[in-house]
Amino acid sequence: MSHFNYFDNNATTAIAPEVFEAMVPFLTEHYGNPSSAYGFGKKVRIAVEQARAQVAALINAEPSEIYFTSCGTESDNAAIWSALRSTKKRHLITSQVEHSAVLHMGESLEQQGYGVTWLPVLADGTLDLVTLEDSIRPDTAIVSLMWANNETGVLFPIEKIAAICREKKVLFHTDAVQCPGKVPIDVKSLAVDFLAISGHKLHAPKGVGVLYVRKGVPFIPFQIGGGQERGKRAGTENVTSIIGLGKAAEIAKENLIEEQTRVRAMRDRFENRILELVAGARVNGNRAERLPNTANICFQGADAQELLAILDEQGICCSAGSACTTGSVEPSHVLSAMGVSQTDAKSSLRFSFSHFNQDSEIDRALELIPHLVETLKQKVTI
Ligand code: PLP
């Protein structure tokens, strides 16, 4: 497609060319098993350990605190399962706006008889810390709260949440899948016990994730088998993707400033012009405490699914609700939890940018979107 504008980077990202290059030798010549005793395998082991160090550097962790998994979902599941089993407690605290990786796990735990407290959010998508503090009980095994919301980009105050959990002596897991390269992560200055990352959100391949587990925190494996990942995550390593993730972590660290400046400026220009040009448009979520790359906009009076389809015809990729629930006509659970009406939630689209986007793409979108929204609104009123 000649005019193809990818504005759905919270769903997944393009593999960076340097990441691809780093991976190729491990798909071709270096195919040894990292657990093998001979040099051909050991070479691969060294590369995996280098990737572990690169990921550790991204979040200021020790390499020994990094476990490679198959995805963000597995990392989230593994952290919660481990806490429930190691503490032998049966209560989880999470929020109503989590990604399905935590949301559906919480629902499944409830069905199995565990207690789950679903923290509400305020109208701007932020969290009331007093409610969190009041929810912690003697039988609470873990608090699991996302750092950045994938739909709105709204950031929870992770430092404060972590401090509350530490003071109350309860384990804390954060789903930081949307954060690498967009917000600084420093686990040494943050009282988190577990932190989840996913490769495909930071220009690495799909099918690889990371679980950070703070040194000294008990970690009971979710997946049982061989002794890979120091016995904490069995299964032969997804070597190629791990190497890619290592390289992507290194680049994400370098790109943080660009994401906070150029990408943020691009997002703000897009958002501000849309608000000026489209009558009744407004932003969902707190505009200050937000990822620099995400714009969730309600186009009042237009149907988001139809808008999505006509934008698709123009080669513009964005999203209505999170990618995992697309296809269902249910309004977004995130926007509903923020008190957005069903009609407005069904009129909302998410645009999420990356450093691969150019200003010329924003110009094109700004030329097309106001006109397309007006056409749709007229269709609704006829
Ligand atoms: N958590 C958040 C906030 C996400 O946005 C996603 C993916 O959309 C996930 C978890 C799941 O990650 P994965 O697709 O690697 O399982």
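User: How many bridges join strand β9 to β10, and which way do the two run?

Analyst: Keep in mind that this is a predicted model, where local features need pLDDT of at least 70, side-chain atom pairs count only at pLDDT 80 or more, and totals for chains, interfaces and linings use all residues. Numbering starts from 1 along each chain as its sequence is written, and side-chain values use heavy atoms, with hydrogens and water left out. Strands here are DSSP runs of E with at least two residues, helices are runs of H or I with at least four, and both are numbered from the N terminus; two strands pair if DSSP finds at least two bridges between them. Strand β9 covers residues 281-283, V283 stands opposite I297 in β10, and β9 and β10 run antiparallel, joined by 3 bridges.

User: What is the bridge partner of T294 in β12?

Analyst: Strand β12 spans residues 348-352 and runs antiparallel to β10, with 5 bridges joining them. Within β12, T294 is partnered by S352.

User: Is β10 largely enclosed or open, and how many of its residues are buried?

Analyst: Side chains in a regular strand alternate between the two faces of the sheet. On one side of β10 sit T294, N296 and C298, on the other A295, I297 and F299, and all are buried (under 20% relative accessible area with a 1.4 Å probe, protein chains only; exposed is over 50%, partly exposed in between). Strand β10 (residues 294-299) is therefore largely enclosed by the rest of the structure, the buried count being 6 of the 6.

User: What area is buried between domain 1 and domain 2?

Analyst: The bounds, from an automatic or database domain assignment, are 5-13 + 256-381 for domain 1 and 17-251 for domain 2. Contact (heavy atoms within 4.5 Å) involves 31 residues of domain 1 and 32 residues of domain 2. Buried area is the accessible area (1.4 Å probe) that two parts lose on being put together, summed over both. Carbon and sulfur atoms give 55% of the total, which is about 2600 Å².
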